[in-house]
Amino acid sequence: MGILGLSKIIADLAPNAIKESELKNYFGRKIAIDASMCLYQFLIAVRSEGAQLTSTDGETTSHLMGTFYRTIRLVDNGVKPVYVFDGKPPNLKGGELAKRAERRDEAQKALAAAEEAGNAEDIDKFNRRLVKVTPEHVKEAKQLLKLMGIPYVEAPCEAEAQCAALVKGGKVYAAATEDMDALTFGSTVLLRRLTMSEARKLPVQEFHLDKVLADMELTKEEFIDFCILLGCDYTGSIKGIGPKRAIELIKTHKSLEKILENIDQKKYPAPEDWNYKEARALFIEPDVADPKDIDLKWTEPDEEGLVKFLCGDKNFNEDRIRNGAKKLAKARTTSTQGRLDGFFKVLSTTPSTKRKAEEKKGPAKRGRGAGSGKFRGKAK
């Protein structure tokens, strides 16, 4: 779920924090991608167009097709992806996982009823609700990425938190996921639609945390409390408080503790034994691998390994796999200019005291070329 309704609230209250962009504009960028979210998207997307793609023994291969071709598209556009896989969910997520299990049980019953009635539309709808990323899907996706020469990270806990840590640690430019809580975990840049923009003909959405905080007039701590108040995966929320009321309360009282002290709890009852403090702590200090210890390397694709893995029993076309492998190799070896901000650092345009003094003396007394440019490039 992420944070309930957060993207719409940001669009309403901090529209300048969002910009839309084409995939090609991320040329030269390293981007951390929520792998489990991608696999789920691939399984759902293929399911919505009909039956899942399968191997000769009936095992699903849609996740491999999506990972292979979408990654090639990213690399073709100059993006350097790194996939981040979920680890063990935090204990606080137990309630949300239980709710999801209940919804799956309900969908399973509804599917059985639809099949008995012969309702094709409902059969398709409930089948999609039952799509689940399995440990085998994850294992195969990792194997595929390794053969493609694409790095991946195994998070100790939540993938969104690890993506955010990689951004804050300077390892990547942005976190790419549909879950808005990547912002709550502190990712300075969040990308949505990155792995599905072409299929839906939608631009990539880019959220900037600093502008969210500035335009909503919140500190990082207040923003985290606001997200918990809206509804997150780790704890319940106060009944009867919607987004508009939530932002008013946070701006007035600054913290969840003060809100609880000042609201009518009979009218707005908080969950019993509300563990918002634990949820807050999880957002502030999540269980993540230290980015300093993570070495991201993009290597040569193993063309023969890819053919062996994807063709044959998995029913992939050998010519297409070889062509894809060649695109990966070409993208890695082709000499490109790279992003300008990767090579140059823009220095302050504010004149120094010495520069101001020289300007007062007039152009004749200044050194040759002084003041001729507004910024200087500094090679890294």
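Before we start, a residue is called buried when its relative accessible area is under 20%, exposed when over 50%, and partly exposed in between (1.4 Å probe, protein chains only). Helices (H or I, at least four residues) and strands (E, at least two) are DSSP runs, numbered from the N terminus. This is a predicted model, where local features need pLDDT of at least 70, side-chain atom pairs count only at pLDDT 80 or more, and totals for chains, interfaces and linings use all residues. Residues are numbered from 1 along each chain as its sequence is written, and side-chain values use heavy atoms, with hydrogens and water left out.

Q: How many of the residues of strand S7 are buried?
A: Strand S7 covers residues 204–208. Val 204, Glu 206 and His 208 point one way, while Gln 205 and Phe 207 point the other way.

Q: In which sense do S1 and S7 pair?
A: Two strands pair if DSSP finds at least two bridges between them. Lys 19 stands opposite Glu 206 in S7. S1 and S7 are joined over four bridges, and the sense is antiparallel.

Q: Which residue stands opposite Arg 192 in S7?
A: Strand S6 (residues 189–192) pairs with S7 in the antiparallel sense over four bridges. The residue opposite Arg 192 is Gln 205.

Q: What is the order of the strands in the open sheet?
A: The sheet has seven strands with mixed pairing. Its edge strands, each pairing on one side only, are strand S1 (18–21) and strand S4 (152–154). The order is S1-S7-S6-S5-S2-S3-S4.

Q: Which residue in S5 does Ile 33 stand opposite?
A: Strand S2 (residues 30–34) and strand S5 (residues 174–176) run parallel and are joined by three bridges. In S5, the residue opposite Ile 33 is Ala 176.

Q: Which residues touch the most other members of the largest nonpolar core?
A: A nonpolar core is a set of buried Ala, Val, Leu, Ile, Met, Phe, Trp, Tyr and Cys residues joined through side-chain atoms within 4.5 Å. This core has 97 residues, and its largest share, seven residues, comes from helix H11 (residues 220–230). It lies between domain 1 (15–216) and domain 2 (218–287), because both give residues to it (the bounds come from an automatic or database domain assignment). The ones touching the most other members are Ile 10, Phe 223 and Phe 226.

Q: What is the relative accessible area of Thr 184?
A: Thr 184 is found in helix H8 (residues 181–184). Leaving aside neighbours within four places in sequence, Thr 184 is in contact (heavy atoms within 4.5 Å) with residues including Ile 3, Phe 223 and Phe 283. Thr 184 is buried, and its relative accessible area is 3%.

Q: Is Asp 273 buried or exposed?
A: Asp 273 lies in the loop between helix H13 (256–262) and helix H14 (276–284). Its phi is positive, about 50°, although it is not a glycine. With a relative accessible area of 71%, Asp 273 is exposed.
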